Amino acid sequence: MKKISSKMLTSEVLNKPLSDSSEKSAVLQGLTSAEAKKMLSQFGKNIIEQESKKNAFLIFLAQFNSPIVYLLLFAAGMSFFFKELLDGIAVLVVLLINSFIGFYMEFQADRSMDALKKLSAVLTKVFRDGKRIEINCEELVPGDVIYLEAGDMITADARIIKSSQLLVDESSLTGESVPVEKQAGKTDENIPIAERIDILYKGTCLTKGNAHALVTATGMRTELGKIALLLQSADQSITPLEKKLEEFSKMLIKITVAIVIIIFIVGLLNGQEVIEMLETSIALAVAAIPEGLPIVATLALAQGMLKMARQNVIVKKLSAVETLGGTNVICTDKTGTLTQNKIEVSAIQSSDFEMMIKIAVLCNTATINKDGKETGDPLETALLKFAMRKGADVDELRKKYSTEREEPFSSETKIMSTLCKTENDFTVYSKGAVEELLRRCERTFEGNKEVLLNEKNKKELLNKAEEMASSGLRVIGGAYKNANENDNTISSGLTFVGFFGMIDPPREDVFQAVKECKSAGVNVVMITGDHPSTAKNIAVQLGIVWHKNPIAILGKEMNDYPLLNEIEKEKWIHANIFARVSPKQKLDLVNVFQDKRFIVAMTGDGVNDAPALKKADIGIAMGMNGTQVAQEVADMILKDNSFTSIVRAIKQGRIIFENIRKFVIFLLSCNISELLVIATASALNLHFQLFTFQILFINIITDVLPALALGITDGSDSIMKLPPRNIEEPIIDRKRWWSIVYYSIIIAVSSLGAVFISHLTVHNSQLWNHELCNNVLFFSLIFSQLFHVFNMGNDGTSFFKTEVFRNKYVWYATVACIATLIICYLTPTINNALNIYHMTFTDLTITIGMGLFSLVVIQLARQLKIVRQ
């Protein structure tokens, strides 16, 4: 056979159809590994170049683009103007520290998202060294021969070599919503893209059929690369949660500005200097507003996504993480998700065993290499293993009976057929759902004799399938017919041969996961294309339903969505098993649940599942055998196809939202307590007040590390015993606002109380020591806020068993903050800048004691249910 070199591929073959059969056969062998490596170095990776990302320096500069930072710079400038050099330098140092923190968090969030993109690489089936293998689509080169099936994304421009019933969705490239028919041939390159019938384009997808195609262009040389269409999907839109935080921050700014203006006016009325009050007011505004909140939230979301990735869940969109916490319905496939997807043929009923072996091998596109590597659908690989166990030589059979034509399995027909060349003529081999296959049959076997199929023996066959399915077996039928090469309807006029009974046991961990869903108020709905008896058996085993004879709604009983009445909708809502369901009916089911205000997670793996996945609040694609089209539109991809992974993702979604709520409450109560302390001191014209730099220092010491630690808390043990949250619920509701106000008052009272206790009991002096009072207030406020982080645990749990108390990162953050405070206390340069002095042991004990006092008072209030977390 003539060998096609890489040079010939790039110059002669790529841009012309292959008419010579020997030349076509040679090309189908694909490139050698050495040729592919050479072509890769010549043409580069098969990627669409995206707009260059901001470098680290630009991310750092972006931290200064804030109205509040402008105000802070103005305050620093005013300090320098009035020769208050220390205050001016202090403000600039704090500003730089805040900017470095913001830079680090944003940079980490970007890195987290990059790591997730690497985890969701697209694989392509390609022929290399004469063997079909799977590689990362980025490694494709011109001259590669790729194999595509329904549901595959086309990852490079390619010319069709041979195909079967090929339909391609080119809407992403041409805007044409109807799939177009494609076939091998020759078209003029000058005609419009939409009319080139023998060319496949990167970024489009197969909706039906299969094809072998020769890659002609990769990366930026493809039609998609020329118009850089994928650049639109490179941008990460703002999530609803981030919008809530942004609106929340704007509201806080308005409130804070109003309070600051009042403090400024009161200070002037009390005889304070204008510049001093101006600096204090601006610094207070910066301290009171958690300006880094959106960045911290983004980081928490991104880190949560990485954590889920380590648990086999790839979350593609940040917005999906927050929606997960509100999910209250999971519509899940059975095969591979609730079951182990370790399918085995455990029973066979047929009068012609040899024909069943041929059907298992020849009506099958899966492969098992000599090293045991499996490629293809698990059901088909199970059929191959069965045939091999019975002594069949798969390669020899396929060589002897070569496939000339194929009608691939689809969710509409539920059958697959191949036209194979035999010794004298042609034979059609078919397999699929028993009831659908019987509709295409005219004859069957009674003993060893072929007879006409009638209503009586058809009913007997269906009853036999029902009996097998009720024992938990997945049942598919086999059929054949003698045909000729020109037979246009190969999937009709068949002879029914027998049944394959296949076992796919439930995953061992799913029963507990379903139980956890029920305690969390999440309804589990099984949707399958299998026989209803098989579905019922599995549903009972897994605890999805408890009675032994549950109701299953069949696809043929389901009206189209626009025709449904309220009674039918209610019936769907309260059902847990749907069998023989089509992809369109999946979409209808999502619509019905959403009409009733449910938040729906939907699993899917086929190309026709894409509309339902896109419509669902959380679309979940299968990572092991899901089509690339399904993975493209989904919000999440399950790398292990496991239902338990979905439940873990819901739990993690709840934890992430609760963690964000925790640090919002923590930051606000700390910052408002500072406002209350300064407002009280100004309004009552007390003899002590916090200085500008002290306020900013407190903000850094007590805010950043504890808030970050709260953002990575593991979550309480009871989080999956609570009902799903309403996704329209604000981050801070009325009850939690009351808690924040209460926390702030207690912290402020404890801090101010420490000053009066020190002055009236320890020093017992008529004269106020302004420096001492300032220091006691300063340290008391810090300790009260640091200890306050332990108030963020969930209600209903013992203080020492809360998720926050058990969070080692909270302890690390607390110790780090106290260590930083001690260093600053002992370092002359820093304590001079902060206006702090060495205090007596008694005064230090009072500051720590009042910090603990605020912790105890808040805990008592929570125990008495005066406030809630």
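1. The buried residues of H19 (buried: under 20% relative accessible area, 1.4 Å probe, protein chains only) pack against helices H17 (455-470) and H18 (510-519), and against strands S18 (474-483), S20 (523-528), S21 (553-554) and S22 (577-579). Helices (H or I, at least four residues) and strands (E, at least two) are DSSP runs, numbered from the N terminus. This is a predicted model: local features need pLDDT of at least 70, side-chain atom pairs count only at pLDDT 80 or more, and totals for chains, interfaces and linings use all residues. Residues are numbered from 1 along each chain as its sequence is written, and side-chain values use heavy atoms, without hydrogens and water.

2. H19 spans residues 532-542, and eight of its eleven residues are buried. Among them are Asn537, Ile538 and Leu542. Gly543 follows H19, with a positive phi near 80°.

3. The axes of H25 (residues 692-711) and H28 (residues 808-826), lines fitted to C-alpha atoms over the stretch in contact, come within 8 Å and cross at roughly 160°. H25 is therefore roughly antiparallel to H28 (over 145 degrees, on a scale from 0 to 180 between N-to-C directions).

4. Contact here means heavy atoms within 4.5 Å. The residues of the H25 contact with H28 divide into 13 nonpolar, one polar and no charged.

Methods: Buried < 20%, exposed > 50% of the residue type's maximum accessible area, 1.4 Å probe, protein only. Parallel < 35°, antiparallel > 145°, perpendicular 65-115°, else oblique. Nonpolar A, V, L, I, M, F, W, Y, C, P; charged D, E, K, R; others polar.
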